[in-house]
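Open the model in your viewer and keep the selection tool ready. The tour below goes from one selection to the next.

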Amino acid sequence: MVTAASLQAQTTASTVPVGYLAITVPAAASATSPSNAAVSVPFYAGLIPAGSIKSVDSASSFSIEGANWVVNQFTAAPHFVRIKSGAQTGRLFLITAHTANQLTVETRGYTLVSGAPATTGQIQLQTTDTAEIIPAHTLGTLFGAGAIGTGASAAVADNVIIWDGSQWVVYFHDGTSWLKSGSFVSQNDAPVRPDTTMFIVRRALTPLDLVLIGTVPSGLERTDIPGPGSVFASRRFPVDTTLGALGLHSLPGWAAGSSASAADEVDLWNGSTWESFYYNGSNWKKAGSFVNADSQPVAAGTGLFITRRSSATGTTATLAQPLPYIP
C-alpha cells in the first residue's frame with residue numbers, strides 16, 4: 001500500500017509555498033510477484049506568471065496580454081498553462097505550440113470560446129481571466145537515475161502505467177531512457193499531468209522510496225471527469241481527504257444506484273486489489289457492504305479510478321476542488 005509521510009510547507013515573503021511528500025512503493029514479494037501502488041504528484045514543478053488573457057483566437061488557442069516569450073520556449077520541455085482567475089480558475093492545458101504571445105493548447109476534446117455563455121463541450125475564457133505557466137513533471141524528472149528498476153523490456157523492469165482515457169499505457173526504463181512498451185522512442189519528456197494518477201509496478205525486491213517535491217497548489221483546482229468513460233484522477237492536494245468530502249456525488253448528472261455496476265463508480269487501490277465504491281443517493285457504499293463509506297480515506301499522493309456510466313460533458317464533467325488549507 002502507498003504510505004504517505006508528512007507534508008512540509010514553507011513560506012516566505014518572497015516565495016510561493018513549497019513542500020514534499022514521501023511515498024514508499026513496497027518491495028516485490030518475489031521476482032514473479034511484483035508490488036503495485038497508485039501514485040499521484042500533488043505539487044507543481046514551478047510557477048511562471050503569464051498575465052491576462054487578451055483574446056481567444058481559435059478553438060485551441062488564446063493570447064496573453066503583454067507577453068514576449070521566445071517562440072516555443074515552453075515546448076522544448078513540456079509546460080502547462082493554468083487559468084489562475086475567473087470562472088475557469090484551476091483549469092489546466094498542455095501547451096503544444098506558441099508564438100511570442102499566443103498559446104496553442106491541448107483541449108482534450110473541448111472548444112475554447114469567449115464572450116457568449118459556453119455550451120456543452122465548450123470552455124469559456126474571458127479577457128479578465130489571468131493565467132500562469134507551469135513546467136510539467138515528466139517521467140525523466142520524477143524518476144531520477146537509479147530510482148526505479150530498469151530492464152530490457154516492460155516485462156522485467158519496473159513499470160509506470162498511465163491511463164490515457166481509453167487504455168493503460170505502459171512505460172519502463174531500459175537503463176538509458178524511458179520507453180513506451182512497443183516503441184524505441186525516448187519518453188523522458190512524457191508529461192505527467194497533475195490531475196492524473198500513475199500505477200507503479202515494482203519488480204525489484206527492495207522498496208521504492210519516492211520523494212515528491214514542488215510548489216504547493218494555492219487555489220481551486222479543476223479535474224475533468226467526462227462520461228461515459230473512465231479517468232484515473234489524482235487527489236490534487238498534498239493532504240488526505242475522504243470519499244464523501246471530495247464531492248464527486250454532487251457533480252451534475254452523477255449517477256447514483258443500488259450497486260457499483262448500476263451507478264457511477266469509484267475504485268481505490270488498497271495495495272493489492274481495487275475496492276469499488278458507489279453512491280446510493282444518500283451515502284457512499286463499498287461494493288458488497290451496507291456500511292456507510294462516506295469517511296473512506298483518500299490519501300494524499302494517491303488517486304481514484306472513476307468510471308462514469310452516465311453521460312457527462314462540459315461543466316457536468318468538471319470537479320472543482322476548493323483549497324483545503326490556508327496557503
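A nonpolar core is a set of buried Ala, Val, Leu, Ile, Met, Phe, Trp, Tyr and Cys residues joined through side-chain atoms within 4.5 Å. In soluble globular proteins, nonpolar side chains tend to be buried together.

This is a predicted model, so begin with the confidence colouring. The mean pLDDT of the protein is 92, with 95% of its residues at 70 or more. Now select residues 1–14, where the pLDDT is below 50. Beyond near neighbours in sequence, this stretch still has 35 contacts in the model. Where pLDDT is low, the predicted coordinates should not be read in detail.

Next, go to the largest nonpolar core, which has 27 residues. Which of them touch the most other members? Select Val39, Leu139, Phe143, Val160, Met198 and Ile200 to see them. Then show the elements that each supply at least two residues of this core: β2 (18–25), β3 (35–39), α1, β13, β14 (168–173), β17 (198–202) and β18 (208–215). Another core, of 22 residues, lies apart from it; select Ile64, Leu125, Ala131 and Ala317, which are among its members.

Return to strand β18 and pick Thr215. Is Thr215 buried or exposed? Its relative accessibility is 6%, and because buried means under 20%, Thr215 counts as buried. Leaving aside residues up to four places away in sequence, Thr215 touches Val16, Pro17, Val18, Phe43, Tyr44, Gly46 and Leu47.

Now turn to the aromatic rings. A pair of aromatic rings is described by the distance of the centres and the angle of the planes. The model has 17 aromatic pairs. Select Phe143 and Trp178: this pair is tilted, with 5.6 Å centre to centre and 55° between the planes. Phe143 sits in the loop between α1 (139–142) and β13 (159–163), while Trp178 is in strand β15 (residues 178–180), so defined by DSSP runs; the two are 35 residues apart and link distant parts of the chain. Both Phe143 and Trp178 are buried.

Compare this with Phe237 and Tyr325, an edge-to-face pair at 6.0 Å centre to centre and 90° between the planes. Phe237 is in the loop between β20 (227–234) and β21 (241–242), and Tyr325 is in the segment after β27 (318–321), 88 residues apart. Phe237 and Tyr325 are both buried.

The last stop is Tyr110: Arg91 lies over the face of its ring, at 5.6 Å from the ring centre.

Definitions and conventions
Residues numbered from 1 in each chain as written. Predicted model: local features only at pLDDT ≥ 70, side-chain atom pairs only at ≥ 80, totals over all residues. Heavy atoms only, no water. Phe/Tyr/Trp six-rings, centres within 6.5 Å; stacked < 30°, edge-to-face > 60°. Helix = DSSP H or I, 4+ residues; strand = E, 2+ residues; numbered from the N terminus. Buried < 20%, exposed > 50% of the residue type's maximum accessible area, 1.4 Å probe, protein only. Lys NZ or Arg CZ within 6 Å of the ring centre and 35° of its normal. pLDDT = per-residue confidence, 0-100. Contact = heavy atoms within 4.5 Å.
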